[in-house]
Amino acid sequence: MNDAVIIPPAALDLLTSQVAGPVATPADQSYGDETFAWNLGFPQTPAVAVGATNAADVQAAVRFAAIQNLPVAVLATGHGVMSTADQAVLINVRRLKSLQIDQRARTATVGAGVEWQEVVSAAGALGLAPVSGSALNVGVVGYTLGGGLSPVLGRRFGWAADHVRSFDIVTADGELRTVTAQSEPDLFWAVRGGKSNFGVVVSLTFSLMPVSRFYGGGLYFDAEHADAVLSEFRRLAGLDDDRVSVSFAFLRLPPAPFVPEPLRGKVIAHLRFSHLGTAAEGEALLAPVRVAAPALIDLAQERPYTEYAVVHNDPVEPLPAYERTTMLTGFPPEAAQAFVEAAGAGADTPVLVAEIRRLGGALGREPEVANAVGHRDAPFTLWLGATAAPGNQAAVADPLDALLDALTPWKHPGSVLNFLSPADADPAQIARAYSPAVHERLLECKLKYDPLNRFRVNHVLIAG
């Protein structure tokens with residue numbers, strides 16, 4: 001931590017009088033609640049935390065940061081934190097929980113504190129679905145601003161950012177702007193894929209898809225069958241059908257009661273599958289998988305979209321998570337063999353999750369209204385996850401890098417922005433998430449809307 005920032009008491013009193021929500025410094029009992037992040041690996045240590053209850057609170061906090069010459073950090077669920085927000089003004093937006101569904105227009109309008117579970121449930125009751133991520137408790141806004149990669153709807157409908165209609169954002173000057181493709185096209189382009197570099201999005205309106213059901217779920221195999229399962233993964237990944245989404249992961253599961261008994265203490269080959277077609281079509285696509293190896297658990301079946309989280313079964317409880325990622329140019333048999341050697345049952349690694357995910361389909365196509373989501377040409381992405389004590393990412397850094405390096409021959413120059421970790425937090429690494437032309441345009445927008453680089457925490461375009 002840097003030397004503590006000293007904020008004059010009179011300035012804090014003025015801020016407190018200007019906001020309806022709580023204002024907390026490290027000396028206050030409520031500080032821990034206001035700064036709590038789901039990823040326990042990076043405890044948040046701002047100079048002051050503001051629990052925003054409305055857009056006016058956000059405006060007051062941004063203006064306070066400007067007067068005190070402090071950076072601004074934004075916190076919703078805290079899944080995507082990449083730094084400790086050290087000595088920043090942290091704006092906790094969890095109380096911004098408005099949610100409206102327009103069934104006729106097929107849109108949802110959400111506050112910055114809304115999580116996917118809330119939208120999925122509300123939209124599902126009307127036969128609609130958002131382009132939501134793999135976990136139900138991730139914040140809608142942060143996920144979408146980073147692109148938003150759906151394990152069920154992505155290949156059919158594209159990135160979540162592609163479906164944003166408008167947003168309300170508080171920019172570095174403290175102004176609240178309603179932004180559309182027509183009103184401020186540069187800002188509309190940049191925020192959809194540029195994460196939190198341009199302001200605090202307090203409300204987001206996006207399209208919903210006419211999807212109510214899908215066929216899918218996870219199939220779990222003993223990792224000794226990884227070669228056969230990976231062969232089937234490659235077959236499914238090679239299908240010219242954007243209704244099919246598939247990924248493969250090695251899981252190292254503890255012998256803990258919360259793990260289903262057949263999986264406890266084992267290295268697991270996990271096939272994640274979804275199909276936006278009939279149950280019969282889904283059964284036919286998975287039939288060769290079920291013949292190739294005996295599943296320990298098979299959860300693939302026809303389901304309402306509201307059960308989509310069963311595809312990945314991401315952890316719900318907070319934990320210290322350390323990640324690495326890269327996109328891949330392909331996943332031929334040689335890459336599959338290297339992956340098994342580096343992450344399979346015979347590998348000595350503490351990496352708990354090593355996933356190869358198929359991209360392509362609509363994820364590879366430009367939307368009708370362009371945005372800053374980068375590297376749509378990449379056909380696969382690799383994501384790695386490990387745990388260690390909070391603040392001790394060094395304990396797993398080398399094993400994560402070693403597994404990443406195992407697929408070096410197939411590395412794509414890009415990466416999925418939402419999957420980047422603190423190891424990628426400097427601007428030179430963040431730039432990897434974009435093509436040079438897109439990155440250059442983002443920098444131009446940054447200088448236009450945040451010339452003093454007030455928003456420089458987490459996925460930073462320009463160093464502080």
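Where is Ala 85 found? Ala 85 sits in the loop between E3 and E4; helices (H or I, at least four residues) and strands (E, at least two) are DSSP runs, numbered from the N terminus.

1. Basis. This is a predicted model, in which local features need pLDDT of at least 70 and side-chain atom pairs count only at pLDDT 80 or more, while totals for chains, interfaces and linings use all residues. Residues are numbered from 1 along each chain as its sequence is written, and side-chain values use heavy atoms, with hydrogens and water left out.

2. Positive phi. Phi of Ala 85 is near 55 degrees, a positive value in a residue other than glycine. Ala 85 is buried, with a relative accessible area of 1%; buried means under 20% relative accessible area, exposed over 50%, and partly exposed in between (1.4 Å probe, protein chains only). Asn 69 also has a positive phi, of about 55 degrees, and is not a glycine. Asn 69 belongs to the loop between H3 and E3 and is exposed, at a relative accessible area of 54%.

3. The open sheet. An open sheet is formed by 4 strands in the order E1-E2-E4-E3, with mixed pairing. Its edge strands, each pairing on one side only, are E1 (23-24) and E3 (72-75). Two strands count as paired if DSSP finds at least two bridges between them. Strand E2 (residues 48-51) and strand E4 (residues 89-92) are joined in the parallel sense over 4 bridges, and Val 50 has Ile 91 in E4 as its bridge partner.

4. Helix H3. Helix H3 (residues 55-68) lies across E2, E3 and E4 and runs at about 175 degrees to E4. Axes here are lines fitted to C-alpha atoms, for helices over the stretch in contact, and angles run from 0 to 180 degrees between N-to-C directions. Contact means heavy atoms within 4.5 Å.

5. H1 against H3. Helix H1 (residues 9-18) packs on H3 at an angle of about 165 degrees, with the axes 9 Å apart. H1 is therefore roughly antiparallel to H3; angles under 35 degrees count as roughly parallel, over 145 as roughly antiparallel, 65 to 115 as roughly perpendicular and the rest as oblique. On the H1 side, Ala 11, Leu 12, Leu 15 and Gln 18 meet Asp 57, Ala 60, Ala 61, Phe 64 and Gln 68 of H3. By class, this contact of H1 with H3 has 6 nonpolar, 2 polar and 1 charged residues. In this classification Ala, Val, Leu, Ile, Met, Phe, Trp, Tyr, Cys and Pro count as nonpolar, Asp, Glu, Lys and Arg as charged, and the others, Gly among them, as polar.

6. Thr 25. The loop between E1 and helix H2 (31-35) holds Thr 25, which counts as buried at 15% relative accessibility. Not counting residues up to four places away in sequence, Thr 25 touches Leu 12, Tyr 31, Ala 47 and Val 48.

7. Strand E15. In strand E15 (residues 321-328), 8 of its 8 residues are buried. Ala 321, Glu 323, Thr 325 and Met 327 are buried on one side, and Tyr 322, Arg 324, Thr 326 and Leu 328 on the other. E15 pairs with strand E17 (residues 380-387) in the antiparallel sense over 8 bridges; Glu 323 has Gly 385 in E17 as its bridge partner.

8. His 312. In the loop between strand E14 (301-304) and E15 lies His 312, buried at 6% relative accessibility. Leaving aside neighbours within four places in sequence, His 312 is in contact with Ser 134, Pro 151, Ser 247, His 270, Arg 272, Glu 355 and Arg 357.

9. H7 against H13. Helix H7 (residues 185-194) and helix H13 (residues 436-449) pack at about 115 degrees, with their axes 10 Å apart. Residues of H7 in this contact are Pro 185, Asp 186, Leu 187, Trp 189, Ala 190 and Gly 194, meeting Val 438, Arg 441, Leu 442, Cys 445, Lys 448 and Tyr 449 in H13. The contact of H7 with H13 divides into 8 nonpolar, 1 polar and 3 charged residues.

10. Gln 103. Gln 103 lies in the loop between strand E5 (99-102) and strand E6 (107-111) and is partly exposed, with a relative accessible area of 46%. Gln 103 touches Leu 126 and Leu 128, not counting residues up to four places away in sequence.
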